[in-house]
Amino acid sequence: MSKPWILVSPASRGIGYALTRHLLRTTSAPVLATARSDLPSVRASLLDGLNTPPDPRAATHVDQDQDQAASSTSSASARLHMTQVDVTSESTLEAASAKAAALFPPATHDMRLAFALPGILRPEKSPRDVDHDAALRVLRVNVLGPLLLMKWFGEFLPRRGVAMDPGPLWQPSSASSSPSSSAPTPSPSPSPESGHRGEGGKGEEKGHATFLTASARLGSTSDNHLGGWYSYRASKSAVNSLTRTFDLHLRARSADNAIAIAYHPGTVRTELSKAYWDRVRGDKLFSPEYAAERLVDVVRTRGLEHRGRCWDWKGEEVLP
């Protein structure tokens with residue numbers, strides 16, 4: 001049986017950072033996390049606090065709880081692997097792919113989840129605001145970045161006919177294990193766990209691998225009613241097209257064993273959106289931790305019928 005592993009790129013900041021910590025808490029699989037530089041510091045930060053023992057005053061069996069916490073720490077540390085990736089430098093992707101093959105030989109392992117999350121933003125209100133070099137960098141990071149991740153890591157997705165380990169990827173308590181429950185909660189809306197549009201429940205294990213690429217609602221041509229943001233809109237439209245194209249490739253290569261989807265996380269309190277926080281209603285400005293929870297919930301409920309399309313944090317499709 002092929003054993004699962006998970007890729008998060010990048011994992012050094014924003015949603016990728018929160019997602020990596022969330023996955024270390026809620027899954028049993030090894031995680032390969034990427035950063036452009038200073039890997040030891042990023043690794044230490046990702047693991048920081050994951051092993052915090054519970055408050056002895058609240059524990060019935062203090063020693064047992066502390067032993068469990070120490071065991072959890074050891075598990076997270078052993079499962080977290082770091083590698084350098086700069087999506088604007090293909091040689092780093094090639095080297096990272098080689099490291100992944102050494103860590104997780106394709107003959108015995110498969111990449112069960114992949115999160116391609118590179119992204120930068122430079123808004124332009126009019127064509128006169130477009131700067132060639134800046135726009136080119138947006139396209140290199142936002143479009144070629146995910147495409148190169150598909151190129152160098154797509155081969156780790158399970159092929160058709162591969163027998164994948166049917167054991168649970170998610171820990172039983174994963175639905176409530178994140179500390180972000182105190183984060184601002186968005187307005188009630190349809191959610192995957194409610195059975196909206198035919199999705200399965202939160203605890204359901206899907207029998208396929210998923211390659212997720214970060215997109216945005218601004219990449220929707222049909223939803224473009226305000227204009228502006230030329231390079232960013234173009235890059236996210238391209239991401240949606242790449243996702244569809246990659247999924248068609250996976251249909252032939254992997255059949256029902258792997259799918260590709262794009263994902264709109266909403267507005268998240270990260271450096272990318274910092275200049276626009278004051279324009280977003282409080283219950284629609286998400287913490288990275290909450291955004292990671294929603295992303296995972298949506299991924300866990302995407303079936304084969306959802307492949308090749310873009311989904312938002314509510315589990316609703318973002319039309320092209």
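Me: Are Trp5 and Phe156 buried or exposed?
Reply: Both Trp5 and Phe156 are buried. Bear in mind that this is a predicted model.

Me: What makes the pair of Trp5 and Phe156 edge-to-face?
Reply: Two values decide that. The ring centres of Trp5 and Phe156 are 5.5 Å apart, and rings pair if their centres lie within 6.5 Å. Their planes stand at 75°, and over 60 degrees counts as edge-to-face. So the pair is edge-to-face. The search of the whole structure finds seven aromatic pairs.

Me: Why does the pair of Trp5 and Phe156 tie together parts of the chain?
Reply: Trp5 lies in strand β1, while Phe156 lies in the loop between α5 and β5, so the pair ties together parts that are 151 residues apart in sequence. Trp5 and Phe156 also belong to one aromatic cluster with Phe104 and Phe153.

Me: How do you know that the charged end of Arg302 sits over the ring of Trp311?
Reply: The charged end of Arg302 is 4.8 Å from the centre of the Trp311 ring. The distance cut-off is 6 Å, and the charge must also be within 35 degrees of the ring normal. The charged end of Arg302 is listed as sitting over the ring.

Me: What makes Arg307 and Asp247 a salt bridge?
Reply: Their closest N and O atoms are 3.0 Å apart. The limit is 4 Å, so the contact qualifies as a salt bridge. This pair links distant parts of the chain, with Arg307 in the loop between α7 and β9 and Asp247 in helix α6, 60 residues apart. Arg307 is buried, and so is Asp247. The whole structure holds ten salt bridges by this search.

Me: Where do Arg294 and Asp297 lie, and why are they called buried?
Reply: Both lie in helix α7, three residues apart, about one turn of the helix. Buried means under 20% relative accessible area. Arg294 has 7%, so Arg294 is buried. Asp297 has 11%, so Asp297 is buried too. Elsewhere, salt bridges that share partners join Glu155, Arg159 and Arg253 into one network.

Me: Which residues have the most contacts inside the largest nonpolar core?
Reply: Val8, Leu19, Leu23 and Phe115, in a core of 41 residues. Helix α7 gives the largest share of this core, seven residues. Beyond its neighbours within four places in sequence, Leu19 is in contact with Val8, Phe115, Leu117, Ala292, Leu295 and Val296. A second, separate core has 26 residues, including Leu93, Phe104, Ala114 and Phe153.

Me: Why does Thr213 count as buried?
Reply: Its relative accessibility is 1%. The cut-off is under 20%, so Thr213 counts as buried. Thr213 is in strand β5. Leaving aside neighbours within four places in sequence, its contacts include Ala116, Met150, Val239 and Tyr263.

Me: What makes β4 and β5 a pair of strands?
Reply: Four bridges join them, and they run parallel. At least two bridges are needed, so β4 and β5 pair. The bridge partner of Ala116 in β5 is Thr213. Strand β4 also pairs with β1 in the parallel sense, over seven bridges. In that pairing, Lys3 stands opposite His109 in β4.

Me: How do you know that strand β4 is mostly covered?
Reply: Eight of its eight residues are buried.

Methods: Residues are numbered from 1 along each chain as its sequence is written. This is a predicted model: local features need pLDDT of at least 70, side-chain atom pairs count only at pLDDT 80 or more; totals for chains, interfaces and linings use all residues. Side-chain values use heavy atoms; hydrogens and water are left out. Rings of Phe, Tyr and Trp (its six-membered ring) pair if their centres lie within 6.5 Å; planes under 30 degrees apart count as stacked, over 60 as edge-to-face and the rest as tilted. Helices (H or I, at least four residues) and strands (E, at least two) are DSSP runs, numbered from the N terminus. Buried means under 20% relative accessible area, exposed over 50%, partly exposed in between (1.4 Å probe, protein chains only). A salt bridge is a side-chain nitrogen of Lys or Arg within 4 Å of a carboxyl oxygen of Asp or Glu. A nonpolar core is a set of buried Ala, Val, Leu, Ile, Met, Phe, Trp, Tyr and Cys residues joined through side-chain atoms within 4.5 Å. Contact means heavy atoms within 4.5 Å.
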